[in-house]
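Dear colleague,

Here is the structure that I promised to pass on.

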Amino acid sequence: MAKIKIYTSPKCPHCKMLKEFLSKKKIDYIAYDVATDKEALKEMINISDGVRSVPVISLCDKVIVGFNQGSLEEELTKCLGTGA
Amino acid sequence: MEGCPFCIKAKSFLMEKGIRFSEIKVHPGSKEWAQMQQKTGMRIPPQILDGDEPIGNYSDLVNAYATGKLTEKPGLISTLYDVIIIGGGPAGLSAALYAARKILKTLLISQDIGGQVIYTYDLNNYLGFSQIEAADLIAKFKEHVEKYGLEKQVGKKVTSLDLTGKIKKVTSDDGKTYFSKSLIIATGKRPRPLNVPGERELIGKGVAYCSTCDAPLFGGADVAVIGGGNSALEAVLDLDKVANKIYMVSLTELTGDPITMDKVKKSSKVKIYTQYDVTRIIGSSSVEGVEIKSLNTGEIQKLDVEGVFIEIGLLPNSDLVIDILSTNKFGEILIDNMCKTGIAGVFACGDVTNVPFKQVIIAAGDGAKASLAAYNYLISQR
């Protein structure tokens, strides 16, 4: 079961870059398209304390808004262990 | 020691050459003064030590450097780059490609890879690609540059620059300082904020700057788009597909392309307020409304909206150099046709500069030019 959930929209370039970044690192994730999946949109807003902007990343007990490679790498290491 | 001119000279020399050092302040009678005497046998500061080995005073330091005694010691000199490029958008990546192909020792520091182009879904005007998604084009740029083994620090923000000496110093937000013989500034632009109460607090919670990304999250909602140019019109069209009602608020009459403007005006969902200013964004945990003021009558009204899309243009990311380099009234760095900034060895390129027409292809071309100009500069310094 993937530890990482990402909430995205179809035309969001940051979301696409995020997916490519995770795939390149061979990290499993579940992606939700919040443009069509209203339940996922509700969940995203709920876990992120009201955020209505994509991408949102949920990993371990952390929620990250936006794609910043540097800070995401740090969080991935904390969540998945070294070598993430 | 305070009031010691050769101490200042020694420190400047070490900084100029990119040599790491720590400073121990002394004054006659202090414990540190006694230690200096004990370790060097000398009583006049400055005294320079390499580890425990005394080098001598300022002129001994200069001699040691000139004869190569210092540079032979591993670890004493930080890595000295030929060029440091700040920014990872099309200008910075293109500069990096040209620098790498000239076999310059290059470091790219950037908060992200892609820059503002990744606020766009697709491009139709980059030569060779009749239609390409921005993320795909940037991935191709990155792949091309990485083929040459580029050293990069991504996710790092440059917090200060020291351009006073021949060796340029670049400090990032993790406290690291990098040294380089030349510098290319390719920091691009960022969305211009409204600077009204409520905006900053509600970013991501209804306040948005990327309609391509976030418009689909406002299905069935009432929203406002602030701005009257092409970006604002495009945002309205993005929202027109999903939102219930769209208020377009502009200080001026609409100024975008007639075809886009026509589409917006034809939409039954859109209500346009021109000659209106935004005075505040309302909401505690998320956007609940926006307050606007008529420029003609001064009348204030509240629009009940869940989202505010701000599309009022871009600001150059020139804050780091605004007091050091010449800029125009928009804050763009003034450069000549060789991307020179006015400080020897410091070049700038792309959207952060006064180069007209902010296009990906122009930024990429400009980055190449900056790198070739930096190469010429480095050759001239040999």
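A search over all chains of this predicted model finds four disulfides in the whole structure, a disulfide being a pair of cysteine sulfur atoms within 2.5 Å. Residues are numbered from 1 along each chain as its sequence is written, with chains lettered from A in the order in which they are written. Local features need pLDDT of at least 70, and side-chain atom pairs count only at pLDDT 80 or more, while side-chain values use heavy atoms, leaving out hydrogens and water.

In chain A, a disulfide joins A:Cys60 to A:Cys79, with 2.0 Å from S to S, and the link is right-handed, with 85 degrees about the S-S bond. A:Cys60 is partly exposed at 43% relative accessible area, whereas A:Cys79 is buried at 11% (buried is under 20%, exposed over 50% and partly exposed in between, with a 1.4 Å probe and protein chains only).

In chain B, B:Cys4 is joined to B:Cys7 at 2.0 Å from S to S, and B:Cys210 forms a disulfide with B:Cys213, the sulfur atoms being 2.4 Å apart. Both links are right-handed, with 90 degrees about the S-S bond for B:Cys4 and B:Cys7 and 60 degrees for B:Cys210 and B:Cys213. B:Cys210 and B:Cys213 are both buried.

Best wishes
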